[in-house]
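Subject: Structure handover and notes

Hello,

Please find the structure below, with its sequence. My notes follow it.

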Amino acid sequence: MKKFIATLMLAVIFMGAACPQTQAKKKESSNAAIALMEKYDREKGVEYIKISGFLLGIAKMAARGEEDGEILKHLDCMAVFSAENADAGIREQFFGELNGMMAGYEKAVEVNDSGEDMTVWFKYMDKDNISEMIMSTESEGAVIVMSGRLPVSVLEEMAETM
């Protein structure tokens, strides 16, 4: 029985090392924007949530067949950050650091209308896929990070239906 349990434990460890989900978690932990969100998470007035693994899998299943849920199939991780209720100095410092780390990203969209803003950055995996999409609005103190293997074609289809 002990040999069976030991063999089973080794198999679980081996499968965990080879499993794509485990590899995705290792990849997402090196995401600089998410690391920055985690750094500011303890500040007063800041809210942060990271969705990966099990919960993202449930969201994918719940969105099956939903037109708007198409993008979920391609995500490994999603994080949402809000500093709307944080001190103005904290917000300024956070967005200064975030904007400073956007080298290597392509600014896809930038909108500034009557004091409200939104910027969308893409980090390309290759010409057909995006590895990260970061949406931010400094005026509202919010950032959304989506990472995975997002086909450009899916994003184009979503843009056409809006």
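Does Glu97 count as buried, partly exposed or exposed? Glu97 has a relative accessibility of 26%, so it counts as partly exposed. The classes are buried for under 20% relative accessible area, exposed for over 50%, and partly exposed in between, with a 1.4 Å probe and protein chains only.

Two remarks on the basis of these notes. This is a predicted model, in which local features need pLDDT of at least 70 and side-chain atom pairs count only at pLDDT 80 or more, while totals for chains, interfaces and linings use all residues. Residues are numbered from 1 along each chain as its sequence is written, and side-chain values use heavy atoms, with hydrogens and water left out.

Salt bridges

The whole structure contains 3 salt bridges, a salt bridge being a side-chain nitrogen of Lys or Arg within 4 Å of a carboxyl oxygen of Asp or Glu. Glu97 pairs with Lys39, and the closest N and O atoms are 3.0 Å apart. Glu97 belongs to helix α5 and Lys39 to helix α3, so this pair ties together parts 58 residues apart in sequence. Helices (H or I, at least four residues) and strands (E, at least two) are DSSP runs, numbered from the N terminus.

Arg149 and Asp126 form a salt bridge at 3.6 Å, N to O. Since Arg149 is in strand β6 and Asp126 in strand β4, the pair ties together parts that are 23 residues apart in sequence. Arg149 is partly exposed at 44% relative accessibility, and Asp126 is partly exposed at 29%.

Glu110 and Lys107 also meet through their side chains in a salt bridge, at 3.4 Å from N to O. Glu110 is exposed, with 55% relative accessibility, whereas Lys107 is partly exposed at 43%.

Sheet

The order β1-β2-β6-β5-β4-β3 describes an open sheet of 6 strands with antiparallel pairing; two strands pair if DSSP finds at least two bridges between them. At the edges are β1 (47-52) and β3 (106-113), each with a single partner strand, so one side of each has no neighbour in the sheet. On average, neighbouring strands are turned by 10 degrees against each other, direction ignored. β2 and β6 run antiparallel and are joined by 7 bridges. Phe81 stands opposite Val143 in β6.

Helix α5 lies across β2, β4, β5 (129-137) and β6, at about 25 degrees to β6. For such angles, axes are lines fitted to C-alpha atoms, for helices over the stretch in contact, and the angles run from 0 to 180 degrees between N-to-C directions.

Cores

A nonpolar core is a set of buried Ala, Val, Leu, Ile, Met, Phe, Trp, Tyr and Cys residues joined through side-chain atoms within 4.5 Å. The largest one has 22 residues, and those with the most contacts inside it include Phe81, Ile134 and Val143. At least two residues of this core come from each of α3 (32-40), β2 (75-82), α5 (88-100) and β6 (142-151). The largest share, 5 residues, is supplied by α3. A second, separate core has 15 residues, among them Ala63, Leu75, Met133 and Met146.

Leaving out residues up to four places away in sequence, Ile134 touches residues including Ala33, Thr119, Trp121 and Val145; contact means heavy atoms within 4.5 Å. Thr119 is in strand β4 (residues 116-126) and is buried, at 9% relative accessibility. Beyond its neighbours within four places in sequence, Thr119 contacts Lys107, Val109, Glu110, Ile134, Met135 and Ser136.

Regards
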